[in-house]
Amino acid sequence: MSIQVKIFASLRERLGSDGMELPVDGIRTVADVWARVAPEQPLGGQVLMAVNMDYAQADQPVSDGDEVAFFPPVTGGAG
Amino acid sequence: MTVRISAEPFDPYAELAAYTPRGAANRIGAAATFIGFMRDLNEGDEVAAMELEHYPGMTEKALEKLRDEAVTRWQLTDALVIHRVGALSPTDPIVLVAAWSAHRAAALDACRFLIEELKTRAPFWKKERLGDRERWVEHNTPG
């Protein structure tokens, strides 16, 4: 009964963690996951979220076995 | 209909030469391609090297979704996206996008769509090395 958390890029460096496994107890939404990952920090516009590799909003429900990711705005491509 | 993440350097011209678009070749009237390279200058600073990080799994999923959107919207015959990750040096190719269609407008518009959308939707992050310091790229440069 757990949620797999992944953290990328500058956010990983800022939080000092690339992720963790969290017990699902008490977690209902992406925002609840963030509150466990970074209790001191608001979930602002500079943090993007994904559930099971699809972009998500903070109020999206999560459940046992989900993978939840947090990362900064993306900067791929070139030119 | 290929989407590929490459941890190794790739030659976009060789990739194009080796790629056979799906479908009937005699129905393809246009191919549009875009190749993006690493510059040695960004926001006025000399960039010595770059590390491109991605979210394995989600990157492929996001690119495949984009490709499917483009193929449907412009009725493409085929589309190809190859994107580098890992350690890059100036002049290295970063991304190749190609679109094949019956007519030029669809190929050109779809190619533009794919590279522009990829920049805001695919989970890649660039970290630049400038002499003795590093910095994360925080926003894309305007086209």
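Let's start with B:A79. Leaving out residues up to four places away in sequence, B:A79 touches B:M1, B:R67, B:A70, B:V71, B:A98, B:A99, B:A110 and B:L114. Touching, or contact, is two C-beta atoms, placed from the backbone, within 7 Å.

Some ground rules. This is a predicted model, where local features need pLDDT of at least 70, side-chain atom pairs count only at pLDDT 80 or more, and totals for chains, interfaces and linings use all residues. Residues are numbered from 1 along each chain as its sequence is written, and chains are lettered from A and ligands numbered from 1 in the order in which they are written.

Back to B:A79. The largest nonpolar core has 56 residues, and B:A79 is among those that touch the most other members, with B:V97, B:A98, B:A99, B:A110, B:C111 and B:L114. Such a core is a set of buried Ala, Val, Leu, Ile, Met, Phe, Trp, Tyr and Cys residues joined through C-beta atoms within 7 Å. Buried means 20 or more other C-beta atoms within 10 Å of the residue's own; exposed means 12 or fewer; partly exposed is in between.

Now chain B as a whole. Chain B has 3 helices and 10 strands. Those are DSSP runs, numbered from the N terminus: helices are H or I, at least four residues, and strands are E, at least two. Of its 143 residues, 37% count as buried. Take contacts between residues at least 6 apart in sequence: in chain B, 73% of them join residues at least 24 apart.

Two loop residues next. B:E43 sits between β3 (41-42) and β4 (45-46) of chain B. B:E43 is not a glycine, yet its phi is positive, about 50 degrees. B:E43 counts as exposed because it has 12 C-beta neighbours inside 10 Å. B:T91 is in the loop between β7 (86-88) and β8 of chain B. Its phi is also positive, near 85 degrees, and B:T91 is not a glycine either.

What about the two chains together? Their contact takes 24 residues from chain B and 14 residues from chain A. On the chain B side, α3(B) gives the largest share, 4 residues.

Last, chain A. Helix α2 (residues 30-37) has the buried residues A:V30, A:V33 and A:V37. They lie on the same side of α2(A), because they cover an arc of only 60 degrees around the axis. That arc is taken from the directions from the helix axis to the C-beta atoms. Their packing partners in chain A include β1 (2-7) and α1 (9-15).
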